[in-house]
Amino acid sequence: MKIPPHVLSYVRRLERFPAYVYDLPGLRSHAEALHSALKSPSAGRGPEFYYAAKANPDAPLLRALDPFVDGIEVSSGGELVHVRQVLPHARLAFGGPGKTDEELRLALDLDVHRLHVESPHELHRLASLKRPAEILLRANLPVATSGAALSMSGPFGMDEDALDTCAKLIADRPWLHLRGIHAHLASGLDAPAMLDLASHIQGWAVPWLRDVCGITHPEVNVGGGMAVDYTTPGQLFDWDSYAEGLASLTAPNVRLRIEPGRAVTAYHGWYVTDVLDVKTTRGETYVVLRGGTHHMRTPVTKGHNQPFVPLLSRATPEPTQRATLVGQLCTPKDVFARDVPVPPLQPGDVVAFAMAGAYAWNISHHDFLMHPKPEFHYLDQ
Ligand SMILES: *Cc1c(COP(=O)(O)O)cnc(C)c1O
């Protein structure tokens, strides 16, 4: 695991821990690379690129991404209001199960570009507002998603029967405009598996939209879920081959859209903290760090070792021992990395956890044990 020089020199000057450090120049060049892969000549027209705000909705990150994305996907009224305020002109897609009437009204008031409808009941409630709405129906299709970190079956979207019900309902209500299908079916897939998924989704959605709904130029949103490999941080999702594959499997009359979150922002956040204690208990060495997984739950939810860089005040020797890196919480679950090789760490040494830019601070249980909050730094030069 490497730390970019500009991040390292900033982190070396930090005086208070824990701290989140976001590398905005790095994020911009990553987003630019994704954008140019998706819009390259070999990718044809290329899919529209929306960022899923729930991965990390921090305002400076949204502003950094804005020039490189076609829109933002939001999953709640809270995200909707926040993103609308940070990026007043951004195109928004609003999805998520269990939208309230207030949220549906808010979506129309705040001019969302596309509403992803999750159930016939939700569609009924939207219809009863009697206001124009641009809709994608969220489909829950029976595709095999082996190798996925998370399969989005269950309450998300609708099966074919419910989709047929929605199509009939929309046909009788001219203020509802059906534009296409949305499907976010799995996460953690590599490019070939993602292409397979996109092909399945289109293979079902395009004929259904044409034959049942009379839509000849449909939109198909094939979701997010592009893999992020925490065990091999240098191995990125293959955006070039994904974009080329999408171009070859998408008919020219189809407007394709993707909405990745994790693979966009994961790599450009760092959770940096210092060692409070090192101890060996029954043969196991524990490095106790200031803070904990109430600031960065990612390794607990994903069940991985969070990659990290030890930053010692003296010259950093090679790893000579194994240790478990834990936080300050009174629970055995408060583990950042278990039984990993480390150099001889001492109290006062600093550890920078990488890949803390997505599903990190914003999914964590901040108030558990009432420890101080981290500081937030947005590195921007
Ligand atoms: C969470 C989510 C995404 C983003 O998923 P990532 O794994 O972060 O890429 C996209 N679309 C929907 C509907 C989601 O719920």
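Predicted model: local features only at pLDDT ≥ 70, side-chain atom pairs only at ≥ 80, totals over all residues.

At what angle do helix α4 (residues 77-86) and helix α5 (residues 101-109) pack, and how far apart are their axes? I found an angle of about 20° for α4 and α5, with the axes 10 Å apart. Angles under 35 degrees count as roughly parallel, so α4 and α5 are roughly parallel to each other. I noted a left-handed crossing for this pair. On the α4 side I listed G77, L80 and V81, which meet E103, L106 and A107 of α5. Sorted by class, that contact has four nonpolar residues, one polar and one charged.

Next I turned to helix α2 (residues 24-38) and helix α9 (residues 239-249). Their axes come within 8 Å and cross at roughly 30°. α2 and α9 are therefore roughly parallel to each other too. Here I wrote down a right-handed crossing. L34, A37 and L38 of α2 make the contact with W239, D240 and A243 of α9. By class I have five nonpolar residues, no polar ones and one charged.

Last, the ligand. Which residues are closest to it? I found 14 residues around the ligand, with K54, G225, E259, R262 and Y359 the closest. For K54, a side-chain N or O atom is 2.8 Å from an oxygen atom of the ligand. For G261, I looked at the backbone: a polar atom there is 2.9 Å from a ligand oxygen.

Key. Residues numbered from 1 in each chain as written. Heavy atoms only, no water. Axes fitted to C-alpha atoms, helices over the stretch in contact; angles between N-to-C directions. Helix = DSSP H or I, 4+ residues; strand = E, 2+ residues; numbered from the N terminus. Parallel < 35°, antiparallel > 145°, perpendicular 65-115°, else oblique. Left-handed = near helix turned anticlockwise from the far one by under 90°. Contact = heavy atoms within 4.5 Å. Nonpolar A, V, L, I, M, F, W, Y, C, P; charged D, E, K, R; others polar. Near = heavy atom within 4 Å. Polar contact = N/O pair within 3.5 Å; in protein donor to acceptor, adjacent residues only side chain to side chain.
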